[in-house]
Amino acid sequence: MNEAVIERGIALVGAILVGVTAIVQLRNDWAAHGLDAGLTKVLLGLMALGCVLALLAAVNVLGVRT
Amino acid sequence: MAAAAAQHLSGHDAIAARYRDVDPVYGETRDIRLLGFVFFLLSDCILFSSFIFAYVYLRISAPAWPPFLGGHQLPWFDTSFAAMNSIVLFGSGVTMHFALENWKHLNKAKFNGWLIATIVLGIGFLLGQAHEYSVVGISWTGTTMGASFFTLTGMHGFHVFAGVCYLTILGLQANRGTYTGSKYFGLTAGTLYWHFVDVIWVFLFFLFYIW
């Protein structure tokens, strides 16, 4: 199998797993207060966004070079 | 007193009760140290922003991208491998979050497990980055593309390396009894730093592999 296909497959499965986990953690911590909790929420949200980017790259929606 | 009360609480309430169960001096110092750490992260943010804006400027002002070198256009970076390596780093962010949560819930064994997983994933990301450097086909000198790529990803890689060392030290400290169920600022700072390093990579991944 093509090396790129394997890499994209791993990225796809990983992005779903990590992204969903990050969102669940974000939801669990939503009620937490304080500077560290607020910052953690922002950073977890951005990390979930990163997972979406990786997922879209894995399925060739983003990062397609012509 | 609050610790005794926390025994009758569960979940977040118990964590919040333990968090407050510190002497006033430590509580105030913790807040000041947290603010100082946030300022450190902001300064690091400015450092990366400067290089990112330089890259964006160089890229949009270039007549062609990827630029030409010796009459040949340089190749794009490998999005497939980068997506996979990104997930390794993002996954380490989740494991670090789990590590801190388990520490807060006084589960030291799980804390150690998740922390080791974070360190292993961090090293895995660095090895992936080293592999990419070996096959990328461009060099630091010669083009703005290579210079930007190696400067930004190298600076980020150094932060990951520093983070791996930092988390290793935190793990040793935690197992030597430096931190308790109510006093664990170092672990909070380590987690924030690791999340920050993850988020910087979100931007670098977009700029170099998707844009």
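The largest nonpolar core in this predicted model holds 59 residues, and those touching the most other members are A:Met47, A:Cys51, A:Ala54 and B:Ile87. Which elements give two or more residues to this core? From chain A they are helix H1 (3-28) and helix H2 (35-58). From chain B they are helix H4 (79-104), helix H5 (108-135), helix H6 (144-175) and helix H7 (185-210). H7(B) gives the most, with 15 residues.

Take A:Cys51 from that list. Setting aside neighbours within four places in sequence, A:Cys51 is in contact with A:Ala15, A:Val18, A:Gly19 and A:Ala22, and also with B:Phe90.

That brings me to the contact between the chains. Chain A puts in 29 residues and chain B 27 residues. On the side of chain B that touches chain A, helix H3 (24-61), H4 and H7 each supply at least two residues. How do the residues on that side divide into nonpolar, polar and charged? There are 18 nonpolar, eight polar and one charged.

Of its 26 residues, 23 are buried, so I'd call H4(B) mostly covered. Its length also agrees with expectation: at 1.5 Å a residue, 26 residues should span 38 Å, and the end C-alpha atoms of H4(B) are 38 Å apart. Just after H4(B) comes B:Leu106, with a positive phi of about 65 degrees.

That's what I have.

Methods. Residues numbered from 1 in each chain as written. Chains lettered and ligands numbered in written order. Predicted model: local features only at pLDDT ≥ 70, side-chain atom pairs only at ≥ 80, totals over all residues. Core = buried A, V, L, I, M, F, W, Y, C linked by C-beta atoms within 7 Å. Buried ≥ 20, exposed ≤ 12 C-beta atoms within 10 Å, placed from the backbone. Helix = DSSP H or I, 4+ residues; strand = E, 2+ residues; numbered from the N terminus. Contact = placed C-beta atoms within 7 Å. Nonpolar A, V, L, I, M, F, W, Y, C, P; charged D, E, K, R; others polar. Expected span 1.5 Å × (residues − 1).
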